[in-house]
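Please read them alongside the structure.

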Amino acid sequence: MDFVPLIDLVGENATALIGGAVVGGLFGIFAQRSAFCTRSAVLDLTRRRGLSALAVWAGGFAVAVLGIQLLLNYGYVDVRETRFFSTAQSLSGAIIGGLVFGLGMVLSRGCVSRMIVLAASGNLRALYTSVIVAIVGLATYSGVLVPLRDAAGGLWSTAAIGGNDLLVHAGLGQEGGIAIGAILAVSALALALVSKVSVWRFIGGIGVGASVVAGWYFTYTLSLQVFEPIQAESLSYIRPLATTGALATDPDSFFGLDQGVLIGTLIGAFLAAILFGNFRIATFTEPGTPSVLRYTIGAVLMGFGGILAVGCTIGAGFTGGAVLAVSSLVGLAAMVVGAALADRFIDRERAPAADTLHDASLSPAE
């Protein structure tokens with residue numbers, strides 16, 4: 001795809017902004033319609049309440065992995081010079097940050113991407129949570145929490161295990177990545193059939209994974225056509241929240257891919273909520289809503305943990321997981337474990353039916 005005419009017309013940063021908005025918009029639409037949520041997928045297992053949310057999540061993850069592995073195999077994308085493989089990545093950060101993020105995800109009733117989608121759908125609790133995540137994320141990314149982040153992240157890195165590429169560790173070639181993606185896709189389809197999730201909701205989950213693939217393709221193609229070098233990457237939400245917060249304090253900052261992703265996701269989710277009648281104002285005053293303090297603590301933990309783990313469930317889990325980066329897969333696993341432990345030991349007295357009703361009030365009906 002030739003982006004040069006657009007670059008000549010609006011510039012490199014604006015092109016990245018536009019492309020990010022398109023990809024983010026697709027994610028917002030699909031995530032809103034499918035009620036895509038990593039926390040709900042984890043609770044499907046811990047509370048044995050059905051497998052619909054897990055099937056949607058698995059469909060998205062499988063498509064992300066299979067799609068990227070196919071693009072890599074046919075040379076449409078190259079990730080060797082990306083942050084995932086060009087330098088050593090923190091495994092201690094992935095583990096500690098992932099566990100902390102998973103705990104925060106349960107306390108705040110959703111991960112960062114879910115909060116942004118819910119905020120666009122009228123949920124003021126999610127909007128509040130997103131703002132707190134942005135503030136703490138900025139402090140961890142480039143502020144007062146950097147020393148703590150570096151201390152935790154410097155304990156153990158992928159240099160100690162010989163690299164960050166799962167396929168190399170497994171002794172597999174690119175065909176092995178395609179095989180892994182295919183196995184995940186078949187497993188996700190089987191899970192969808194067993195759970196009897198609606199076809200359209202499952203397709204929405206697939207769309208979430210496809211938007212991650214689109215993000216990788218767009219940024220890699222753009223990186224070959226710009227004058228100022230950029231790294232290929234895909235969707236992430238914890239860093240964009242942090243870098244967008246930096247715009248208010250750094251006059252030399254500029255809008256780019258991160259801001260495009262946020263803007264696009266908000267617009268896409270908002271339009272989907274309006275068109276399908278899911279837009280509803282939700283506040284902290286509604287019966288059965290956890291306290292503001294709980295949401296605040298959860299947001300603080302996600303803001304710190306997400307930056308430490310170098311991504312949220314989408315930025316690390318899907319974007320990094322799709323290219324089979326060990327640190328990202330470890331981070332995703334830690335997020336799942338952290339969420340499961342938090343649900344078991346913090347919310348164990350909460351009835352599954354009540355929690356299901358709480359989620360249903362925020363999500364499109366299945």
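**Notes on a helix pair and a threonine**

1. The axes of helix α5 (residues 91–107) and helix α14 (residues 292–308) come within 7 Å and cross at roughly 155°, where axes are lines fitted to C-alpha atoms over the stretch in contact and angles run from 0 to 180 degrees between N-to-C directions. α5 is therefore roughly antiparallel to α14, a term that applies to angles over 145 degrees. Helices here are DSSP runs of H or I with at least four residues, numbered from the N terminus.

2. This is a predicted model, in which local features need pLDDT of at least 70 and side-chain atom pairs count only at pLDDT 80 or more, while totals for chains, interfaces and linings use all residues. Residues are numbered from 1 along each chain as its sequence is written, and side-chain values use heavy atoms, with hydrogens and water left out.

3. Residues of α5 that meet α14 include Gly 93, Ile 96, Gly 97, Val 100 and Phe 101, and those of α14 include Tyr 295, Gly 298, Leu 301 and Gly 305, contact meaning heavy atoms within 4.5 Å. By class, this contact has 13 nonpolar, 6 polar and 1 charged residues, with Gly counted among the polar ones.

4. Thr 243 is found in helix α12 (residues 238–246) and, because its relative accessibility is 15%, counts as buried (under 20% relative accessible area, with a 1.4 Å probe and protein chains only).

5. The side chains of Thr 243 and Gln 259 are joined by a polar contact of 3.5 Å, that is, a pair of N or O atoms within 3.5 Å, of which one must be able to donate a hydrogen and the other to accept it. A polar atom of the Thr 243 side chain also lies 3.2 Å from the backbone oxygen of Pro 240.

Technical notes. Helix = DSSP H or I, 4+ residues; strand = E, 2+ residues; numbered from the N terminus. Buried < 20%, exposed > 50% of the residue type's maximum accessible area, 1.4 Å probe, protein only. Parallel < 35°, antiparallel > 145°, perpendicular 65-115°, else oblique.
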